[in-house]
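Colleague: I would like a close look at a single part of this model. Please take the place where the chains meet.

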Amino acid sequence: MKNQNNTGRPGSIVAGVLAPHPPHLVYAENPPQNEPRAECGWEELRWGYERLRKSLSGEDFDVIIVHTPHWRTVVGHHLLAVPHFKGLSVDPVFPHLFRYNYDLKVDVELAEIIAAEGESAGLQTSLMRNPKFRVDYGTIISCHLSHPTWNKPIVSISSNASADYFSTDVGQREMIALGHATRAAIEKSGRRALLLASCSLSHRHFTEEPQVPEDMTYEHIYNHNQYLWDMRMLKMMRAGESRRVIAEMPDFTDQAISETRAGCLTWLLAAMNFPTTPATVHAYGTVIGTGNAVVEWRM
Amino acid sequence: MTTPKEKQQPQIGFVAGFIVPGMPQPLLAPEKSPGWGRVRAAFEVLRERLDALKPDVLVIYSTQWPSVLGHQIQADARPQGVHVDHEFHDLGTMEYNFPVHVPYADAYIASGKERGLHMRRVCFKGFPIDTGSLVALGLLNPDNHVPCTLVSSNMYADRAETIVLGKAARDAAQKQKLRAVAIASTALSNRLWTKPIDPTEDAISSQKDDEWNRKLLEILAQGRLEDVAQLARQFAREAHADSKLKAIWWLSAALGSSNDFRGEVLAYEALHGTGAAVVELRPGGVSRGEQEFDEDDVEFFRGERSVLSPSSPGSKTPEKARPS
């Protein structure tokens with residue numbers, strides 16, 4: 001097995017991040033890759049990502065592994081397995097905000113190891129080898145906001161719809177197994193990995209937006225129930241109670257219409273073996289009514 | 001007791017409605033499974049009938065194009081690009097370059113707004129076209145000689161909003177004096193096998209789903225589209241319907257919320273476990289008189305949130321991002 005850090009040490013997870021992907025945040029940043037231009041907007045979350053980037057700046061990692069809700073699959077867990085993707089990503093939901101020229105590299109070898117570890121654990125996995133595939137915007141946005149230089153290869157993992165097909169509890173079990181398989185693969189590979197769970201917390205959107213999308217006078221949580229749930233989850237994360245987060249996740253997912261249904265956060269916490277160290281909440285904010293937090297766990 | 005009578009075929013507006021599956025197998029790999037091949041053959045029969053209708057525009061509602069902010073209407077005159085299905089990427093690549101009927105798209109947006117809907121015009125280079133729309137276009141209009149427009153499936157829209165969206169599609173076709181065909185790209189039951197399968201052994205993934213699908217198709221074959229629309233909620237609960245079967249709500253409303261069709265089921269097969277039907281519905285069937293439906297017939301969408309507020313009938317109070 002190739003050991004990328006050449007030290008003979010097993011690989012490790014450098015940090016895990018809850019890294020939500022509202023396209024509004026990239027839009028408001030005005031990076032050269034994105035065509036639409038904004039005046040401002042969603043500063044609390046964007047400055048939270050800034051704090052995250054500063055926190056990670058001293059860390060050397062080899063690869064970013066992202067679990068994304070916007071590549072939804074039913075027949076198992078899929079992983080990108082083409083070395084290089086380049087193209088234009090237009091968000092099908094918010095095309096007026098996100099039209100992003102991406103150019104990214106994939107750590108295919110690590111993707112293959114994760115797939116193999118998943119199969120060993122009894123999961124169905126599939127390697128996506130079609131070079132014409134359009135990389136989903138969840139992957140692109142979370143990676144851009146966490147590490148905008150794009151100088152590290154990524155591994156992108158689809159979100160299997162087992163929670164929708166069976167129940168949130170079944171979905172949890174599936175994602176815990178995938179998280180453990182991801183961790184085993186990282187250790188085998190010798191990579192130092194940054195993990196991103198690309199999802200919001202509560203996820204009920206407003207179905208209209210103001211004339212100027214970045215007009216912040218319109219921005220707030222969709223309802224109080226969602227806010228209470230979001231705060232409850234963040235409180236547990238800050239207290240290092242990640243096992244309790246997992247225990248309450250099915251209720252949270254159902255009652256707050258949370259994007260955690262996609263399994264990203266469960267996968268992340270399982271991969272980190274349910275950390276007891278307090279997480280750092282870099283920011284919490286809403287985007288067209290959904291609750292989003294940038295949360296970092298250092299390993 | 002009502003007297004059955006033949007109805008005249010319309011010359012403008014929607015002259016037919018089709019229900020077709022949105023999975024990529026019939027387009028990309030019909031040879032891999034006898035069932036997939038039969039779906040492909042049914043598409044080819046439907047294509048010939050479509051040509052005979054000489055439509056001016058195809059209007060495709062696809063459950064695989066989700067939207068959040070209102071209802072999106074494709075209005076780019078010539079979308080082009082390459083698409084790979086997110087699930088079945090191993091089956092190949094779909095290249096597209098097709099014409100959109102922009103005047104119809106704009107009329108549809110205007111009609112939707114008049115009926116209280118939040119409508120959004122989509123015209124962006126590189127906008128991703130979904131698998132369901134491309135399968136319908138690729139098999140029903142392969143040489144692109146009929147312009148189309150595409151309609152998103154709003155993930156929060158329930159029945160009332162969706163049937164108003166269907167009625168707006170009808171308004172626009174009539175105002176533009178166009179011969180239009182409404183196409184609902186949707187599965188019936190939508191429970192995929194969760195493991196790879198031998199395509200030659202594909203089957204509906206649940207006997208219960210299969211039974212429900214067959215019941216719906218029995219009713220559709222009698223031309224009773226609105227009856228199926230009225231059954232959508234129950235079907236969705238029982239058979240894991242594709243997007244609550246809301247494409248049927250849209251289709252029935254677009255075609256006039258009636259049971260007076262000539263219906264024909266050209267194929268019913270499994271596509272990776274889902275219920276895939278190719279169905280043609282033509283106005284001009286036997287009238288079964290006025291029905292007593294359980295659900296309201298909604299003309300105007302007043303938003304989903306203020307159900308307890310004393311808004312007066314006819315008031316236009318769309319959902320606001322900020323409470324007043």
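Which side chains of chain A and chain B meet in a salt bridge?

Modeller: First, a caution: this is a predicted model. The salt bridge joins Arg120(B) and Glu209(A). Their side chains come to 3.3 Å, N to O. The count between chain A and chain B is one salt bridge. Between chain A and chain B, 13 residue pairs are in polar contact, with both residues at pLDDT 80 or more.

Now the parts of chain A that touch chain B. Strand E2 (63-73), strand E4 (84-90), strand E6 (125-128) and helix H5 (162-165) of chain A each give two or more residues to that side. E2(A) gives the most, with four residues. By type, the residues on this side of chain A divide into 18 nonpolar, 14 polar and nine charged.

Next, the whole interface. On chain A, 41 residues are in contact with chain B, and 41 residues of chain B take part. The size of an interface is often given as the accessible area lost when the parts come together. Here the area buried between chain A and chain B is about 3700 Å². Carbon and sulfur atoms give 55% of that area. Three residues stand out on chain A. Arg134(A), Tyr165(A) and Thr207(A) supply 19% of the area that chain A buries against chain B.

How values were computed
Residues numbered from 1 in each chain as written. Chains lettered and ligands numbered in written order. Predicted model: local features only at pLDDT ≥ 70, side-chain atom pairs only at ≥ 80, totals over all residues. Heavy atoms only, no water. Contact = heavy atoms within 4.5 Å. Buried area = accessible area lost by both parts, 1.4 Å probe. Salt bridge = Lys/Arg side-chain N within 4 Å of Asp/Glu carboxyl O. Polar contact = N/O pair within 3.5 Å; in protein donor to acceptor, adjacent residues only side chain to side chain. Nonpolar A, V, L, I, M, F, W, Y, C, P; charged D, E, K, R; others polar.
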